[in-house]
Amino acid sequence: MTTANAADGICVQLLGDCEIEIVRTFAAPARFVFEAMSKPEYVRRWWAPRSRGEMTVCEIDFRVGGAWRFAMRTVSGMEVGFSGQYLEIEHGRRVAHTEIFDPFPDVISVVTTTLVEEDDVTRFTSIVRYPSKAVRDQVIATGMEHGMRESHKQLDEVVKSLV
Amino acid sequence: MLATFTALAEPNRLRIVELLREGPQPVGEIGARLGVRQPQVSKHLQTLYAAGLVDVRADAQRRLYELAPGAFRELDAWLGDYRTLWAERLRGMDAVITELRKQEAKEKRPRHDHRKRR
């Protein structure tokens, strides 16, 4: 299933059973996009959108094997934290890292972000691979503003039928 | 919304929903296609009906079950909200990138001012 919107230019898609893909283009060369996504002073300015809360922790040890940790306090006062380790870094082009959501320390997902630059425009593609379909679907639900966190399964076939 | 997820979390109920994507079906047909006994199918259909996922209508002697559009629109909104989060983040990244570009342009510009002041 794809949801795209001309106004915000982002495309979010479920890939297979366990992945979510986010695609967006930036009107800038890749080195700027890479900088904005890998340096803490810049990540602090976009990771927690103002409408959702405030970023409270932003630690990045940007090297293969290095750790990262992001946390925010949501507008409803909840602390939400994520952490992981860098698996691959290809400067200006590609980053892969693990990601763990604090309440579920055993659930490890892998996020691979690639940047492709052409004529000063950069296509940003981030694929998050979750260990199971149930986890992926739950993550989407927790992305909701209303803090839905009930577990549920096997929805993408259903969602696909709507498009 | 929670009712929707709970209803779909049961594998046989999800299979029923998937089967109904082909079109309206009577209970007997659903049971036969899925290899599930009819009383079980009826129970699942009741749950799906209570969650607003299926509707039922009479067709001559039979009762036909079909997907109800309302609950599925909610599911669509569900993925949409995740998208909104990322749209907001990436818009924030846009602002950072614009600033980084300006900074770089500024650094590259030769500094005439100092010489002129002398």
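Rings of Phe, Tyr and Trp (its six-membered ring) count as a pair if their centres lie within 6.5 Å, with planes under 30 degrees apart called stacked, over 60 edge-to-face and the rest tilted. The model is predicted, so local features need pLDDT of at least 70 and side-chain atom pairs pLDDT 80 or more, while totals for chains, interfaces and linings use all residues. Residues are numbered from 1 along each chain as its sequence is written, chains are lettered from A and ligands numbered from 1 in the order in which they are written, and side-chain values use heavy atoms, leaving out hydrogens and water.

Searching the whole structure turns up eight aromatic pairs over all chains. One of them is Phe26(A) with Phe124(A), an edge-to-face pair at 5.9 Å centre to centre and 80 degrees between the planes. Phe26(A) comes from strand β3 (residues 19-26) of chain A and Phe124(A) from strand β9 (residues 121-129) of chain A, 98 residues apart; helices (H or I, at least four residues) and strands (E, at least two) are DSSP runs, numbered from the N terminus. Both of these Phe residues are buried, where buried means under 20% relative accessible area, exposed over 50% and partly exposed in between (1.4 Å probe, protein chains only). Arg24(A) lies over the face of Phe26(A), 4.8 Å from the ring centre; for this, NZ of Lys or CZ of Arg must be within 6 Å of the ring centre and within 35 degrees of the ring normal. In chain B, the charged end of Arg89(B) sits over the ring of Trp86(B), at 4.7 Å from its centre.

Phe26(A) and Phe124(A) also turn up beside Met93(B), which is in contact with both, as well as with Val33(A), Ala36(A), Met37(A) and Trp46(A), leaving aside neighbours within four places in sequence. Contact here means heavy atoms within 4.5 Å. In the largest nonpolar core, with 45 residues, Trp47(A) and Met93(B) have the most contacts. Such a core is a set of buried Ala, Val, Leu, Ile, Met, Phe, Trp, Tyr and Cys residues joined through side-chain atoms within 4.5 Å. Helix α5 (residues 69-108) of chain B gives the most to this core, nine residues. A second, separate core of 18 residues includes Val17(B), Leu19(B), Leu45(B) and Tyr65(B). Trp47(A) is also part of an aromatic cluster with Trp68(A), Phe70(A), Phe82(A), Phe101(A) and Phe104(A).
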